[in-house]
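Let's take a friendly walk through this fold, one piece at a time. Have the sequence and the model open beside you as you read.

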Amino acid sequence: MLNDTTIEKFKASLRGELIQRSDERYDEARKLWNGMFDRRPALIARCVGTADVMSAVNFARDNGLQVAVRGGGHSFAGHSVCDGGLVIDLSPMKAIRVDPAARTARAEAGVKWIEFDHETQAFGLATTGGTVSDTGIAGLTLGGGLGWLSNKHGLTVDNLISADVVTADGRFVTASATENQDLFWGLRGGSGNFGVVTSFEYRLHAVGPTILGGMVVYPLGKAKEVLRFYRGFSKAAPDELTIYALVFNPPDSDTVLALVCCYCGPLDKGEEVIRPLKSVGPPVQDMLGPMPYVAHQRITDAGFPAGSYYYTKADFLVDLTDEAIEVFAEYAATKPSLQSGVLVQTVCGAASRVASSAMAFPHRRFPYAPVIVSQWLDALDSDKNIGWARDFWRALQSFAGGGVYVNDLSDVDEDRVRIAYGANYERLAALKKKYDPDNFFRLNPNIKPTM
Ligand SMILES: Cc1cc2nc3c(=O)[nH]c(=O)nc-3n(C[C@H](O)[C@H](O)[C@H](O)COP(=O)(O)OP(=O)(O)OC[C@H]3O[C@@H](n4cnc5c(N)ncnc54)[C@H](O)[C@@H]3O)c2cc1C
């Protein structure tokens with residue numbers, strides 16, 4: 001039990017706010033994007049800088065409190081809020097500094113991709129970010145980071161230059177290729193297991209501001225044909241082109257299959273490169289063309305509103321075989337909620353040319369990463385929507401490559417975490433022992449500390 005004096009002392013140590021259960025902002029502050037989680041922390045420390053984070057880590061450790069670390073609050077698994085304990089809420093930490101000459105940016109851990117892109121695109125620069133602009137840079141980067149620029153510029157972790165971290169003992173360290181290299185290896189995919197990252201430094205690339213993007217939308221009846229085309233075309237595409245397949249329901253419309261693409265090379269060349277995407281028969285809608293990169297980065301935002309119930313199952317597929325395509329077509333046609341869907345992301349091009357052992361994120365071999373996302377609006381519908389995602393995923397198992405992207409997990413048990421880290425797990429466990437021997441940071445895809 002914390003007494004008032006202890007809480008007041010902690011409050012006085014922060015530059016940011018400390019929100020308690022009696023505070024009228026409490027319910028808003030504990031809410032996550034995923035409406036599945038209704039947890040009641042004892043305290044929420046809204047950190048505005050590194051000193052606040054150090055103070056929060058020390059306070060929680062010294063008082064034996066569970067901690068949850070919140071970046072953008074946009075994860076499926078809901079680890080960024082806890083019952084009882086302390087939420088270290090980084091969302092007020094919004095500073096971004098772009099160095100256009102060096103083509104780098106340093107951003108604090110509360111930044112979301114929409115904010116990051118806004119600042120970097122002012123200089124015609126970008127790095128690989130997620131497909132939904134409301135996602136935090138922190139959680140996404142710490143898990144890996146698949147996005148529209150990955151084929152050309154690699155994953156987000158491939159573009160991480162350094163990170164500032166507060167470790168479980170309250171120390172501030174920088175991790176990079178030259179400082180604390182072991183920690184730098186673990187941070188790039190290790191999902192918040194090693195400390196609270198207060199800021200990230202990224203490599204930027206010339207992108208846009210206009211790219212060729214958008215989507216071409218086909219009726220679900222053409223799904224098998226379109227996916228067979230997608231299989232061949234996505235693998236042979238130049239690095240400048242990243243293409244995902246997406247099953248969804250547009251407003252007031254039947255279920256469709258869209259090929260969503262981003263071509264970040266020269267526009268005149270791109271028109272020719274993307275033309276075949278429109279050739280699989282008459283589309284329901286053709287929305288492919290030149291557009292601002294920031295608009296493309298928001299293209300799927302409307303489909304993932306905050307507050308819905310979300311549950312996900314994911315995999316890496318060895319290939320999109322004809323049999324796997326049959327499974328996609330069958331389950332797309334039977335989804336129990338209009339809001340649910342599947343996104344097939346890819347790890348191709350530059351993202352696939354990195355060794356699996358180069359950093360904690362190991363998945364470089366299998367090109368297709370389907371994410372089955374159940375979304376529904378009424379708690380009474382939970383069983384059937386979760387059941388649909390699980391059945392769909394089970395049906396895909398014969399085509400799975402035996403890995404999963406850690407950021408796509410809803411069910412985060414030890415088995416799935418081991419699968420998410422594959423051959424890198426043991427090295428991560430040894431690193432956990434070094435940086436967090438008491439498993440203080442455990443509300444995450446948890447790596448158990450071992451020698
Ligand atoms: C609709 C949707 C679309 C997505 N699309 C993509 C995509 O295209 N590509 C992709 O790669 N991923 C994607 N993701 C997955 C996304 O990367 C993760 O959900 C990510 O964890 C979200 O980060 P966040 O900071 O917003 O979330 P949070 O919930 O705040 O954080 C998630 C977890 O990360 C850890 N964490 C967060 N911040 C820190 C920090 N500063 N220091 C230490 N640990 C921290 C904590 O353990 C926390 O529980 C998507 C997710 C959703 C919901």
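## A strand pair and its sheet

Val-165 has Val-197 in strand 10 as its bridge partner. Strand 8 (residues 160-166) and strand 10 (residues 196-203) pair in the antiparallel sense over 6 bridges; pairing here asks for at least two DSSP bridges between two strands. Helices (H or I, at least four residues) and strands (E, at least two) are DSSP runs, numbered from the N terminus.

These strands belong to an open sheet of 5 strands, ordered 5-6-10-8-9 with antiparallel pairing. Strand 5 (96-99) and strand 9 (172-176) stand at the edges with a single partner strand each, so one side of each has no neighbour in the sheet. On average, neighbouring strands of this sheet are turned by 15° against each other, direction ignored. Helix 4 (residues 113-121) packs on the sheet and touches strand 5, strand 6 (104-108) and strand 10, where contact means heavy atoms within 4.5 Å. The direction of helix 4 makes about 35° with that of strand 5.

## How the model was read

This is a predicted model: local features need pLDDT of at least 70, side-chain atom pairs count only at pLDDT 80 or more, and totals for chains, interfaces and linings use all residues. Residues are numbered from 1 along each chain as its sequence is written, and side-chain values use heavy atoms, with hydrogens and water left out.

## A buried helix

Which residues of helix 11 are buried? In this helix (residues 322-332), they are Ala-324, Ile-325, Val-327, Phe-328, Ala-329, Tyr-331 and Ala-332; buried means under 20% relative accessible area, with a 1.4 Å probe and protein chains only. The buried residues of helix 11 pack against helix 8 (223-236), strand 14 (241-248), strand 19 (341-346), strand 20 (368-376) and helix 13 (382-396).

## Two crossing helices

Helix 14 (residues 414-421) and helix 15 (residues 425-435) pack with their axes 8 Å apart, at an angle of about 110°. Axes are lines fitted to C-alpha atoms, for helices over the stretch in contact, and angles run from 0 to 180 degrees between N-to-C directions. Helix 14 and helix 15 are therefore roughly perpendicular to each other, a term for angles of 65 to 115 degrees.

## The whole chain

The protein chain has 15 helices and 20 strands, and 59% of its 451 residues count as buried. Its C-alpha atoms fill a box of roughly 70 × 55 × 45 Å along the principal axes.

Methods:
Parallel < 35°, antiparallel > 145°, perpendicular 65-115°, else oblique. Buried < 20%, exposed > 50% of the residue type's maximum accessible area, 1.4 Å probe, protein only.
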